[in-house]
Amino acid sequence: MFERFTKDARAVVQGAVDQAEEERARTVESEHLLLALLEREGSRASFALAALGVAERRDAVRQALRDARRRAGLSQAETEALAGLGIDVAEVVARVEEAHGVGAMSADRKGGRRWSGHRGFGRGAKEVLEKSLRVAVARRDRHIGDEHLLLALTLRPGVPAEVLADLGVTHESLTRVLGDGAGEACA
């Protein structure tokens, strides 16, 4: 599959690995792919993000991802569902952090030590990469570009899709900005 990735898509994947290393995360996750996409310039995905107003709101995206990490990776929808059951996630986080320190519920801190070895791809990131292939095929594109990774992020339920949707970036809005893509050949 990776042989079909364009130079931009490969750069995003490498950027996601770099993001995970910076955070000393055990695995590369879909959130790291989103952060890497935000760093790109001069690509189809960066054009789409700029056209939808996300480029100037990068800090808001990063903060939303940090907030989700503090909630052990729970999305707002999951947090609201738990609230419906009488569980106040903010209160749980506050109590855990009071006892164990800020960020204690972060998935990267489980087990009490940071990871310094090779980072594999977590389930979410793998699903996004696989879905990007399906998106490219559906659009009849010959290669997988960073725009396909971005489209795939919007299709997979979870924190990245929720953060993007909160900023007006949905699969439908991206498709409008990018066009239908039929037959596009990306280098």
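Where is D141 found in relation to helix 7 and helix 8? In this predicted model, D141 is found in the loop between the two helices. The residue has a relative accessibility of 4% and therefore counts as buried, the limit being under 20%. The side chain of D141 is also joined to that of H148 by a polar contact of 2.6 Å.

The overall architecture may be described next. The protein contains 10 helices and 2 strands. Along the sequence, these elements follow the pattern α-β-α-α-α-α-α-β-α-α-α-α. The protein has 187 residues, of which 42% count as buried. When contacts between residues at least 6 apart in sequence are considered, 67% of them join residues at least 24 apart. The accessible surface comes to about 9,800 Å², and carbon and sulfur atoms account for 51% of this area.

The interior was examined through its nonpolar residues. In soluble globular proteins, nonpolar side chains tend to be buried together. The largest nonpolar core of the present model comprises 40 residues. Within this core, the residues with the most contacts are F5, V54, V61, L65, L150, L164 and L174. Two or more residues are given to the core by each of helix 1 (7-23), helix 2, helix 3, helix 4, helix 7 (123-138), helix 8, helix 9 and helix 10 (171-178).

Helix 9, which spans residues 159-166, was considered in more detail. Of its 8 residues, 6 are buried, so helix 9 is largely enclosed by the rest of the structure. The buried residues are V159, P160, A161, E162, V163 and L164. Their cover includes helix 2 (30-39), helix 3 (44-51) and helix 4 (58-70), together with helix 5 (76-84) and helix 8 (146-155). L164 belongs both to the buried residues of helix 9 and to the residues with the most contacts inside the largest nonpolar core. When neighbours within four places in sequence are left aside, L164 is in contact with L34, L49, L150, L153, T154 and V169. Just after helix 9, G168 adopts a positive phi of about 85°.

Charged side chains form a further set of interactions, with a count of 8 salt bridges. One of these joins E23 and R69, whose closest N and O atoms are 3.3 Å apart. E23 lies in helix 1 and R69 in helix 4, so the pair ties together parts that are 46 residues apart in sequence. The two partners fall into separate classes of accessibility: E23 counts as buried at 18% relative accessibility, whereas R69 is partly exposed at 24%.

The side chains of R62 and E39 meet in a salt bridge with an N to O distance of 2.3 Å. This pair links distant parts of the chain, since R62 is in helix 4 and E39 in helix 2, 23 residues apart. R62 also forms a salt bridge with D59, and here the closest N and O atoms are 3.4 Å apart. R62 and D59 both lie in helix 4 and are 3 residues apart, about one turn of the helix. An α-helix has 3.6 residues a turn, so residues three or four places apart point the same way. Through salt bridges that share partners, E39, D59 and R62 are joined into one network. In terms of accessibility, R62 counts as partly exposed at 22% and E39 as partly exposed at 44%, while D59 counts as exposed at 60%.

L85, I87 and V92 make a nonpolar surface patch of about 270 Å². Of these residues, I87 is found in the loop between helix 5 and helix 6 (89-100). At 37% relative accessibility, I87 counts as partly exposed.

Notes
Residues numbered from 1 in each chain as written. Predicted model: local features only at pLDDT ≥ 70, side-chain atom pairs only at ≥ 80, totals over all residues. Heavy atoms only, no water. Buried < 20%, exposed > 50% of the residue type's maximum accessible area, 1.4 Å probe, protein only. Helix = DSSP H or I, 4+ residues; strand = E, 2+ residues; numbered from the N terminus. Contact = heavy atoms within 4.5 Å. Core = buried A, V, L, I, M, F, W, Y, C linked by side-chain atoms within 4.5 Å. Polar contact = N/O pair within 3.5 Å; in protein donor to acceptor, adjacent residues only side chain to side chain. Areas by Shrake-Rupley, 256 points an atom, 1.4 Å probe, with all protein chains shown as cover. Patch = residues over 30% accessible without salt bridge, like charges linked within 9 Å, V, L, I, M, F, W, Y side chains within 5 Å. Salt bridge = Lys/Arg side-chain N within 4 Å of Asp/Glu carboxyl O.
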